[in-house]
Amino acid sequence: MKGKIIFLVITIVLGISCRNSGTKGAEFVFPEADSVPLSEAEKLSPEAIEDIAKNISSPVEIANLLQMLEVPFSQDYLAASIDANKESTNFNKAMKLGILGADLGYLNMYEKTGSSLEVLSSIRKLAEDIKVGQFFDFETIKKLSQNKSNLDSLLFISIDSYEQIDNYLRSNDRGHLSALMIIGVWIEGQYLATQVVNKYPDKILRDRIGEQKIILNDLLMLITPYCNNSQEFTSLCKDLNILKDKYRDIRITYTQGEPVASEKDGGLVITQTETSVVEMTDEQLKGLIGITSEIRNRLILND
Amino acid sequence: MKRYLITISLLLSFGLLLTGQSSDPFVSKCVMNAGNDAKYLKDFRIQLGKATAQNELRYKANMSLWKNTKYRFTMCSTDDSKGQLFLSIKDDANKVVLSSYDKNSGKTYPFVDFVCNKSGIYQLNFDFTDGQQGSGVGVVSMVK
């Protein structure tokens, strides 16, 4: 009886908060008309940068979605051409560290241990080159990769290693490398999703691609302070702004709904009935697939 | 600034920055507690003193959550914590989407499964019950 009363209270509280929500009929729009002004991005506090860095979607989520949709694994999506020994600039090393991190997430999720060892040694080389190798527990990851029974530990240690690298770079005035790594992870995840949707046109995956509009602006906030650092940064900023233009007319709207609460195995289960809806034409999707592939393929070229 | 310092000191206390070790046994244990059907995504390591005022929850972080995904939020508190770690999530309209702590009954749920149907950036707010001092970790996983 007590349990039922708790559910009722939770449901009522959540229900009331839903009715008071200001999101009814709302639509996600980029916060400003054109590109992110440099002055805005430079005003970001370390806390805000940390928040942005942490809220970027994990590539593991894309890989998990692909598994859920029963999309078969394909080696073709990986950035196999990256040769860690041929990278000379820190820009390329950090960017490729991010790209390979996303590939590692994809391989881990599909338990492709043979290929993941190759990717791991490239990651090790790149991480050591930018002096963050101490945060990547290669031996443990290698061991866990070979022992397929412990996927969760493998995901934990791999993701945790990247988070430590990211924290370390940001707290040591190398935020530009952290931003590159994060963008590399995101671009590769986006590449994976767009390549798969091209072959397996699934509505859920298509929506996930459209919804990336939500965090694209954050990525731009992260990179904008460095856009004038070098030709490489300027070119990357230009690419991300082109991508943003492609997203501009893709609409994300929200519908209202009451959350449903229940209890299971001693935990609480909340089912959100409020939804986000993506409106994207085939032409717009095609544009995203094209530009993502163009940017990503340029980024994986060796020096 | 305060939160930044807390995070740094927490990281130091977990020995991460100093040793480069991948994980604290307490965090690993909490990750494993999330269940066999859960796939690890992220964790938030929280260490808070006793609150001077009980207004807002003190540890805040943003995270993007995506529709058609079932997330599991598992909260673990260390044995020497005075309160239990709990989580409250708000959406971008500042609306509370869920709370693992029912103030009325005083019940704290060790985990919450959230079936997300609205993609967006959500605010994760953690604190210890009654604004008590404590250390803990909130683990985010995906479940089938």
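Begin by selecting α3(A) together with β2 and β9 (120-128) of chain B: in this predicted model, α3(A) lies across these two strands and runs at about 35 degrees to β2(B).

Keep β2(B) and β9(B) selected and extend the view to the sheet that holds them, an open sheet of four strands in the order β2-β9-β4-β5 of chain B, with antiparallel pairing. Its edge strands are β2 (59-65) and β5 (96-99) of chain B, each of which pairs on one side only, and neighbouring strands are turned by 25 degrees against each other on average, direction ignored. For a closer look at one pairing, select β4 (residues 85-90) of chain B with β5(B), where three bridges join the two antiparallel strands; here Lys90(B) stands opposite Val96(B) of β5(B).

Next, return to the boundary between the chains, where 52 residues of chain A are in contact with 47 residues of chain B. On the side of chain A that touches chain B, the elements that each supply at least two residues include α1 (2-19), α3 (46-55), α8 (151-171), β4 (267-271) and β5 (275-279). Of the elements on this side, α8(A) gives the most, with 11 residues. If you colour this side of chain A by residue class, it divides into 22 nonpolar, 20 polar and 10 charged residues.

Finally, select β4(A) with strand β8 (residues 111-116) of chain B, a pair that crosses from one chain to the other and runs in the parallel sense over four bridges. Within this pair, centre the view on Thr271(A), whose bridge partner in β8(B) is Val115(B).

Notes
Residues are numbered from 1 along each chain as its sequence is written. Chains are lettered from A and ligands numbered from 1 in the order in which they are written. This is a predicted model: local features need pLDDT of at least 70, side-chain atom pairs count only at pLDDT 80 or more; totals for chains, interfaces and linings use all residues. Two residues are in contact if their C-beta atoms, placed from the backbone, lie within 7 Å. Ala, Val, Leu, Ile, Met, Phe, Trp, Tyr, Cys and Pro count as nonpolar, Asp, Glu, Lys and Arg as charged, and the others, Gly among them, as polar. Two strands pair if DSSP finds at least two bridges between them. Axes are lines fitted to C-alpha atoms, for helices over the stretch in contact, and angles run from 0 to 180 degrees between N-to-C directions.
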